[in-house]
Amino acid sequence: MAEVRFDNVTIRYPGADSPTVEGLNLSIPDGEFLVLVGPSGCGKSTSLRAIAGLEEVESGAIYIDGEDVTGWEPAQRDIAMVFQNYALYPHMTVAGNMAFALKLAGEDKSVIERKVAEAAELLGLTPYLDRRPKDLSGGQRQRVAMGRAIVRNPKVFLMDEPLSNLDAQLRVQTRTELAALQRRLGTTTIYVTHDQVEAMTMGDRVAVLKDGELQQVAPPRELYDRPANAFVASFIGSPSMSLMPSEHPSLGRVIMGVRPEHVRVVDPNTAGEPAASAGTGSEGVSLDVVVDIVEELGSESYVYAHPSGGGDLTIVAKLHSGPSPAPGTELQFKFDHAHAHFFNPETGVRVDA
Ligand code: ADP
Ligand code: MG
């Protein structure tokens with residue numbers, strides 16, 4: 001069990017003009033499940049590997065349990081990592097794979113057996129202890145990889161996209177199991193993913209990274225409700241928040257952001273609002289739009305449209321039920337100020353009315 005802290009950490013790969021991670025300040029309290037999320041190449045794996053001692057820190061420091069471990073060897077840090085490619089030893093059984101690190105460490109046979117049995121029980125792997133990896137499903141293999149980490153009882157788990165090799169359905173199931181398991185173990189966990197849904201559903205808090213810089217760290221709900229800038233606003237949530245240039249009485253020129261569920265859809269031909277529309281009437285903005293495409297998901301649909309007046313904006317509205325408009329249909333979208341987000345048009349930073 002341990003707190004992990006990045007103190008103004010900058011990491012630069014040899015020969016690179018700019019740092020891959022710049023001035024990272026982030027404190028992860030004991031027992032937290034923190035998710036690091038961001039687009040591919042933003043420096044997530046690099047940050048994670050630096051905790052393990054696998055990347056050199058150019059400036060700043062990394063603390064584990066209050067101790068500056070920046071210069072420590074990986075083996076000294078008492079950390080277990082689970083990667084996307086959790087290559088299991090194919091010639092070893094499940095039990096053999098889980099026991100391997102403990103054997104290397106010279107642990108007693110009886111202790112190893114007990115720890116492997118406990119981890120197998122926790123992971124639902126007890127019936128499979130004598131199988132080889134090739135005779136397991138993808139999800140079971142992933143659990144063996146977790147088991148290898150758990151038996152070591154480390155201070156910190158580091159996980160780098162550990163579910164990426166699973167198919168979509170199994171990924172959803174496994175992420176729930178993994179989050180529940182972490183809560184039972186109470187081990188500080190730092191989990192990297194590029195998938196914002198994974199981040200939102202698993203993390204106690206989510207840290208959003210872009211181009212090596214931390215954008216915001218907050219509990220999932222807060223990220224969604226109060227994104228600190230336009231990048232976080234559009235990265236978190238699917239479909240993305242629509243962002244459009246606008247004027248606000250007290251703020252002047254702004255970027256206005258509206259999530260699909262906060263767009264009210266009005267059909268000018270019937271002059272009524274379909275029962276399906278979201279939100280309540282109040283002061284706001286209306287925009288005439290033309291429907292481009294509709295994504296029908298069964299319980300809801302998403303209407304992608306552009307302003308009738310031109311411009312290359314796409315605005316997305318969520319409809320809960322009822323008939324979906326055909327492409328080419330002219331509609332009116334209404335945005336309530338109460339549900340809109342505003343960002344500085346130059347810096348992208350959130351501004352509050
Ligand atoms: P992410 O995990 O967020 O996708 P990475 O941390 O793997 O991103 O990489 C961040 C950036 O650092 C990328 O531009 C990548 O090309 C670069 N990078 C990663 N590893 C190395 C390396 N060993 N040498 C040089 N550049 C690297
Ligand atoms: Mg990565």
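## Aromatic pairs

Helix α8 (residues 230–235) contains both Phe 231 and Phe 235, which are four residues apart, about one turn of the helix. In this predicted model, the ring centres of Phe 231 and Phe 235 are 5.6 Å apart and the ring planes meet at 15°, so the pair is stacked. Phe 235 has a relative accessible area of 17% and is therefore buried, the cut-off for that term being under 20%.

The structure holds three aromatic pairs. One of them joins Phe 33 and Tyr 191 in a tilted arrangement, with 5.6 Å centre to centre and 40° between the planes. Phe 33 belongs to strand β3 (residues 33–37) and Tyr 191 to strand β8 (residues 188–193), so this pair ties together parts that are 158 residues apart in sequence. Phe 33 and Tyr 191 are both buried.

## Charges over rings

Two arginine side chains are placed over tyrosine rings. The charged end of Arg 5 sits over the ring of Tyr 63, at 4.3 Å from the ring centre. For Arg 259, the charged end sits over the ring of Tyr 224, 3.8 Å from its centre.

## Nonpolar cores

In soluble globular proteins, nonpolar side chains tend to be buried together. The largest nonpolar core here has 44 residues. Val 35, Met 98, Met 146, Tyr 191, Val 208, Leu 223 and Ile 236 are the residues with the most contacts inside this core.

When residues up to four places away in sequence are not counted, Met 146 touches Val 82, Leu 123, Met 159, Leu 178 and Leu 181.

## Helix α3

Helix α3 (residues 109–123) has 15 residues, which at 1.5 Å a residue should span 21 Å; the end C-alpha atoms are 21 Å apart, in agreement with that expectation.

The buried residues of α3 are Val 111, Ile 112, Val 116, Ala 119, Ala 120 and Leu 123. Viewed down the axis of α3, these buried residues fall within an arc of 160°, so they line one face of the helix. Ser 110 and Glu 121, on the other side of α3, are exposed. The cover over the buried residues of α3 includes α2 (94–104), α4 (138–150) and α5 (168–185).

Key. Residues are numbered from 1 along each chain as its sequence is written. Chains are lettered from A and ligands numbered from 1 in the order in which they are written. This is a predicted model: local features need pLDDT of at least 70, side-chain atom pairs count only at pLDDT 80 or more; totals for chains, interfaces and linings use all residues. Side-chain values use heavy atoms; hydrogens and water are left out. Rings of Phe, Tyr and Trp (its six-membered ring) pair if their centres lie within 6.5 Å; planes under 30 degrees apart count as stacked, over 60 as edge-to-face and the rest as tilted. Helices (H or I, at least four residues) and strands (E, at least two) are DSSP runs, numbered from the N terminus. Buried means under 20% relative accessible area, exposed over 50%, partly exposed in between (1.4 Å probe, protein chains only). A charge sits over a ring if NZ of Lys or CZ of Arg is within 6 Å of the ring centre and within 35 degrees of the ring normal. A nonpolar core is a set of buried Ala, Val, Leu, Ile, Met, Phe, Trp, Tyr and Cys residues joined through side-chain atoms within 4.5 Å. Contact means heavy atoms within 4.5 Å. The expected span of a helix is 1.5 Å times one less than its number of residues. The arc is that of the directions from the helix axis to the C-beta atoms.
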